[in-house]
Amino acid sequence: MAIPAEERRRSPLYRALEAHGARFEALGGYSVASDFGREAAADAAQAGSLGLADLTPFPRIGFKGWNIAPWLAGNGAEMGEASNGAYRQADGTRIARLAPGEALVLADRGGAGPLIETLDGAWSMAEADGCFRVRRDETSCWLLLTGAHAPSMLAKVCAVDLRPQVFTPDAIAQTNVARLNVIVIRGDLGPVPAYDLITDLASAVYLWGALLDAMAEYDGAPVGLAAIRALLGGGEASS
Amino acid sequence: MMTRLPEPAGLLLDRTEQVSFRFEGRQFQGYRGDTVASALAANDVSVLSRSFKYHRPRGIHSLSGLDANTLVQVGPAPNRFADREPLVPDLEVTGQNYWGTLRHDRLAVFGLLHRFFPVGFYYKAFYKPRWTWPLWAKMIRRIAGLGTVDTNAPHGYFDKQYLFCDVLVVGGGAAGLAAASQAAAAGAEVILVDENAALGGGLLYGRADAGGIRAEEERARLVGDVEGSDRISVMTETACLGRYADNWLPLVRGNRLYKLRTKALVVATGSLEQPLVFRNNDLPGVMLSSAAQRLIKLYGVKPGRRAVVATADDEGYGAALDLLDAGVEVAAVVDLRMDAPRTAMGDTLAARRVPVHAASAPWEAVAQRKGAGVARVRVARIEEDGVCAPSVDSFSCDLLVVSGGHAPAAALLRQAGAIFTYDSDRHATTVAELPSDVFAAGDVAGTSGLDAAMADGRRTGWQAAQAAGLDVGPEPAAPAEEEPAAAQAAWPIFAHPDHKAFVDLDEDVQVHDLEDAIAEGYDHVELLKRFTTNGMGPSQGRHSSLNAVRILARAKSRSVDETGVTTVRQPIVPVTMGHLAGRSFEPVRYTAMHFRHLEAGATMMPAGLWLRPEFYGDKARRQALIGEEAKNVRDNVGIIDVSTLGGLDVRGPDAAEFMNRMYTFAYLKQPVGRSRYVLMTDLGGVVVDDGVACRMHEDHFYVTATTSGVDNVYREMLWYNAQWRLKVDVTNVTAALAGVNIAGPNCRPVLETLCDDVDLSPEGFPYMGVREGHVAGIPTIFLRVGFVGELGYELHVPASQGEALWDALMEAGKNHGIRPFGVEAQRLLRLEKGHILIGQDTDGLTTPHEADMAWALAKKKPFHVGIRSVRMQAAKGLTRKLVGFEMPGVGVEQPKECHLVIRGGEITGRVTSVAYSPNLDKIVGLAYVAPDQSEPGTKIEIRVDGARMVNATVAKIPFFDPDGARQEL
């Protein structure tokens, strides 16, 4: 089992995860919570009802500037014209278009992101040409809220209507959650509603606590990669 | 005498579960489903409270959680409505507003002294002579106060939730239920809100037909339809606090405040039964007909043994039949109307030998000689509106049930901008005009009769779904024309020469009080309300405003419509502070090393949203530890977490031009690999932030900003970039980078053990240089800066690796005496160097010249934000200047920040920073002084605590290492 404090890269939430009894596995220089000691079926049921996972260790990268669309297209990343939508790529990554001049590329549900590696490798300051890399893996934490109760629970901390029938898959809201600026992306796990929450890395511990408090009413609890894999139908890393 | 009735009476009760509680120190039993008031009624407790002004005994009046009669203290919570407070085991309930006991309140003497307390008396008394007011205020507060706030009560958990729907229906009576079902059938997502524990509204307790069976049949059918729809969410025991713009409505249920947004709103809040006004209409045992029916139907309580029913419309007939069915003898029905129509209920009453006295009114209720309740009622024939014949009939009874007609529960509609008119033929208020997305259904809209209410509900439900943008089907069939309901009696107010005819029971406002106020000139509804306090109690005029307006209208010979109504503001019902506060969200930011600081025993302090270590170790040794930490930096090596410093990436071909415009210095020719001080002024030339700009690439500046200022700097940069349209992108990377300042004469050897790809020698990496490399394998931006005045490196690393960097430095520094230092030690060290802190040593008016920072102004460039103001200030001359000062380390009182610099009785400045320096063994500080006091060696006087004056000497800064040799090692 991986030990977070022995890795060079550490999620700001690793102590909180340990306090909940997390068991870890290694991922890209981080330790990421695999599970919390539940039986596999119970773990999946928890995620299906209401779960919160720390995906901060997952790869992601951002781009800003007046020239992001052609630069990304030139490097194999396609996205639509409309802002506030997530665009799925062939390798399972998603590109969240936050504005005409801002995009965020997210790893798939297994934590893999070949496109992210490609884009990171292709970018240099010398040849930025109006498309500037943003270290989203360092600026932002990434939480995943899963389960049937997620919309109701979110309604306790966010004023935007995030009900599934209104906030459709791949929709994005750049809004305020528990008084923090948060990017909310609808990204279901199969039939289970799920919301990616991306916010200030330094506020991760605060938001984690605020969400768990709001989740208590629905018996929500932290979940790990195992539960996400189970909801996706096995060990496959896919979105 | 009130007792429990057998089932089926008591719809809300669970008789399998008895509940014990205490009231006024006595133990009582009720059932689950009871309210405190219903359980007390079942135990024949008739007095629940004392009135506000005259301390008259009061009991159940409306039983709808609206009036002050049932205000009680429940545990630590004051002013709870006993008729809305659910009975739970071991509840401790007491009465309020009495001196002595609830039964024997010594302050009831005010009732005898009423002639000395005319309306508005407190506006006319107590203010002369002026010094007496505090004494009166204390006494009045003691006498007139309601419950007691327990300031030691534990905090409850309150929170908030947002809700959304297509159609919100407020009110779960016949019209509301029908509206919800129809809207849902049209495809709308519906939320149905009702303040009661069960759906049905008036159908739960009212009588819809002479046989007494139709109400329950219709209720079961309507509720079944609602519960069978998966598009309707039902929220019972939920109060709607008001309606705000764009159909935003706050709701309260339990400890949660909901903020609901709906596309269309159906208000089906029904009507409010009005009281009759006559002498002693406030005695315990005098209650609205709906209250008596609620006691019977909902709580299974027989409300009395012998009753008189007085009514202004048909409502009282149904109540009389319900009383008979409950085993209450009905001595008489008194009908105020001159021409009451014949009805099936009237016929049934006649068949059951209940005499009906038409065109009559209760002239006076007579109190029991012992006890607080009603002994008998004197009934007189009405000669004209409000005037009765002198001869009276007297009926002994212990219950007087009254019904003075109905007024729409129109608060939500009025807040939505609806316009109402008073129908002078029917003597009732009806809605005339509504906004396009707000609909009124049932009694609140002025319909009458069950069939009309249901048809109105279906119609408005369909209209609301259509207004919500849904593709609705054909409009439901209009209801068959019904015979309009009979008009209410025109005038339900009967003043008495001996007074005590109350219009507003909450505030003890009588008919003659209103008449006197009008005679004094308070003849506008708003003035009348404020002068008499009529309508200012908990029921907010629901039972008193209409009658007050009638009295005003008659006195001024105006119509009710011309007289108008007072404004109905939110919240409609009382709401606790807990609900409004809700669960507070207090974001806090942690650096990557936060928990390492805690593990090292740091005392944390807020810095904006961040928490930073103030110092490390035992709080009792605070000052000594700060000194030790500072000394260790001077002698060995210390590290401080500077992750909270703002970080901004300014990138693009115009980055240097952008920097040149944003900051006062010159940046066009700044070499790559070098850092340069940045000073930002606003348009007024006021210093607003500082930091350093590191040129990482020809087109890339990495700029630091102050912890609390970075968000503003970022905002300003975006604002100006949008206007200037330069080829620049600005990104806030504050959280992305963890920062450590490792400083002290031994810092270089510590770093050398961890870094092999950056030449750390003075020649290879000079002061103010910038490099990129690795520390302990962690990618690092190195800044050679000297904020604390020692050889030092700021190491900026990816936040995810900040903790690993901290661990590596602490481990590598063990043999060099490394020790973390906190913000306080850093403040001392920088003060020794005379470095200013923006926000501490500057204020909202400080200019660069005042702060002695003219050196940071580029002289030749044409523009930076605020340049015109800065140059005008320079031309105008200084009025104050920031200087260093020093004092001996012992034998003098150390000033504090903001202590004033005074010369000849005039304030010339203030202290901004001050500390005792162990390194220098003297007190050093910064202060604003008059320009002619700024020369080093000038003596200044500072006024310290206790208005004592201490002497200080203006000194040249830096105080320590003035040549900067240590930081440039």
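Biologist: A residue is buried if 20 or more other C-beta atoms lie within 10 Å of its own, exposed if 12 or fewer, and partly exposed in between, with C-beta atoms placed from the backbone. Which residues of helix H9 in chain B are buried?

Modeller: Met345(B), Gly346(B) and Leu349(B), in a helix that runs over residues 344-351. A caution before we go on. This is a predicted model, where local features need pLDDT of at least 70 and side-chain atom pairs count only at pLDDT 80 or more, while totals for chains, interfaces and linings use all residues. Residues are numbered from 1 along each chain as its sequence is written, and chains are lettered from A and ligands numbered from 1 in the order in which they are written.

Biologist: Back to H9(B). What sits on the face turned away from its buried side?

Modeller: The exposed residues Ala344(B), Asp347(B) and Ala351(B). Helices here are DSSP runs of H or I with at least four residues, strands are E runs of at least two, and both are numbered from the N terminus.

Biologist: What covers the buried residues of H9(B)?

Modeller: The cover includes helix H8 (315-325), strand E19 (329-335) and strand E20 (356-358) of chain B. Contact means C-beta atoms, placed from the backbone, within 7 Å.

Biologist: And just after H9(B), what does Arg353(B) do?

Modeller: Arg353(B) takes a positive phi of about 60°.

Biologist: New topic: chain A. What is the strand order in the open sheet?

Modeller: E10-E11-E12-E9-E3-E13, 6 strands with mixed pairing. Strands pair if DSSP finds at least two bridges between them. The edge strands, E10 (172-177) and E13 (221-222), each pair on one side only.

Biologist: How do E10(A) and E11(A) pair?

Modeller: Antiparallel, over 6 bridges, with E11(A) spanning residues 180-186. Ile172(A) stands opposite Ile185(A) in E11(A).

Biologist: Now H18 and H23 of chain B. Which residues meet there?

Modeller: On H18(B), Ile626(B), Glu629(B), Ala630(B) and Val633(B). On H23(B), they meet Glu824(B), Ala825(B), Leu828(B) and Leu829(B).

Biologist: At what angle do the axes cross?

Modeller: Roughly 60°, and they come within 8 Å. Axes are lines fitted to C-alpha atoms over the stretch in contact, with angles from 0 to 180 degrees between N-to-C directions. That makes H18(B) oblique to H23(B). Under 35 degrees is roughly parallel, over 145 roughly antiparallel, 65 to 115 roughly perpendicular, and the rest oblique.

Biologist: Last one. How many residues does each chain bring to the contact?

Modeller: Chain B brings 31 residues and chain A brings 29 residues. E9(B) gives the most to the side of chain B that touches chain A, with 6 residues.

Notes. Two residues are in contact if their C-beta atoms, placed from the backbone, lie within 7 Å.
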